[in-house]
Amino acid sequence: FFGVVNGLVAIPRDGLTFATGMVALALGFAFGWIYFDLVGRRLPRRDGPPLARWMLGHLPMTLAITLTGAAGISLIEHAHDASTPAGTAWALSGSVAIALLALVAIKSTLEDAARLPTVYGPVGIASIVGAAAALAVGWLRPAPWVLAALLVAILAALWLFTVGRFLTAEGAVGSGSD
């Protein structure tokens with residue numbers, strides 16, 4: 001979030017620059033949507049390896065969020081470019097891929113993962129597909145606002161899929177861990 005705000009403060013603002021910044025900010029919020037609906041307020045299993053994987057899985061997640069903020073500055077600086085700079089495109093798409101793969105690792109440690117395999121199994125597969133799609137978007141290097149919008153769309157689609165799985169899963173709604 002701070003990277004986007006710093007980017008908007010540091011350069012002259014116009015409609016496209018502001019719109020690029022807002023879409024980049026939405027990317028940060030999209031991480032929250034996915035994380036807190038899939039992992040937040042859910043307990044890891046208490047035995048050694050899952051608990052260790054739960055703790056260690058948050059390191060790449062934190063890296064991804066930090067990388068997104070840092071790359072957001074460059075995204076805004078290049079808002080008028082026809083193509084996102086390679087480093088920025090890979091940083092943003094890579095951060096989404098890292099976050100989604102970290103979520104796959106974290107979710108596998110949760111007590112709810114064993115209780116709700118019809119939610120967590122398909123969401124894990126969808127997360128891996130989303131990570132690959134994010135990398136494909138980075139490889140394409142579209143205009144900065146398009147890059148950010150496509151990454152937000154990937155995360156939004158995954159969020160909608162996740163919510164849909166929870167809503168249709170037997171025993172998911174109204175449980176003590178939701």
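Residues are classed here as buried when their relative accessible area is under 20%, as exposed when it is over 50% and as partly exposed in between, with a 1.4 Å probe and protein chains only. By this criterion Ser-95 is buried, with a relative accessible area of 0%. The model is predicted, so that local features need pLDDT of at least 70 and side-chain atom pairs count only at pLDDT 80 or more, while totals for chains, interfaces and linings use all residues. Residues are numbered from 1 along each chain as its sequence is written, and side-chain values use heavy atoms, with hydrogens and water left out.

The protein chain contains 7 helices and 0 strands, where helices (H or I, at least four residues) and strands (E, at least two) are DSSP runs numbered from the N terminus. Read along the sequence, the pattern is α-α-α-α-α-α-α. Of the 178 residues of the protein chain, 45% count as buried. Among contacts in the protein chain with a separation of 6 or more, 80% are accounted for by residues 24 or more positions apart, a contact being heavy atoms within 4.5 Å.

Helix H2 comprises residues 15–38 and helix H3 residues 48–77, and the two pack at an angle of about 170° with their axes 9 Å apart. Axes are lines fitted to C-alpha atoms, for helices over the stretch in contact, and angles run from 0 to 180 degrees between N-to-C directions. H2 and H3 are therefore roughly antiparallel to each other, a class that takes angles over 145 degrees, with those under 35 counted as roughly parallel, 65 to 115 as roughly perpendicular and the rest as oblique. On the H2 side the contact involves Thr-17, Thr-20, Gly-21, Ala-24, Leu-27, Phe-31 and Tyr-35, which meet His-58, Met-61, Ala-64, Ile-65, Thr-68, Leu-75 and Ile-76 of H3. These residues divide into 9 nonpolar, 5 polar and no charged, where Ala, Val, Leu, Ile, Met, Phe, Trp, Tyr, Cys and Pro count as nonpolar, Asp, Glu, Lys and Arg as charged, and the others, Gly among them, as polar.

The N-terminal end of H2 is capped by Asp-14, a side-chain oxygen of which lies 3.2 Å from the backbone nitrogen of Leu-16. The buried residues of H2 include Thr-17, Phe-31, Ile-34 and Tyr-35. The C-alpha atom of Ile-34 is separated by 9.4 Å from that of Val-163, 129 residues apart along the chain. Val-163 is found in helix H7 and is partly exposed, with a relative accessible area of 24%.

His-58, found in H3, counts as buried at 18% relative accessibility. Leaving aside neighbours within four places in sequence, His-58 is in contact with Tyr-35 and Ile-106.

Terms used:
Polar contact = N/O pair within 3.5 Å; in protein donor to acceptor, adjacent residues only side chain to side chain.
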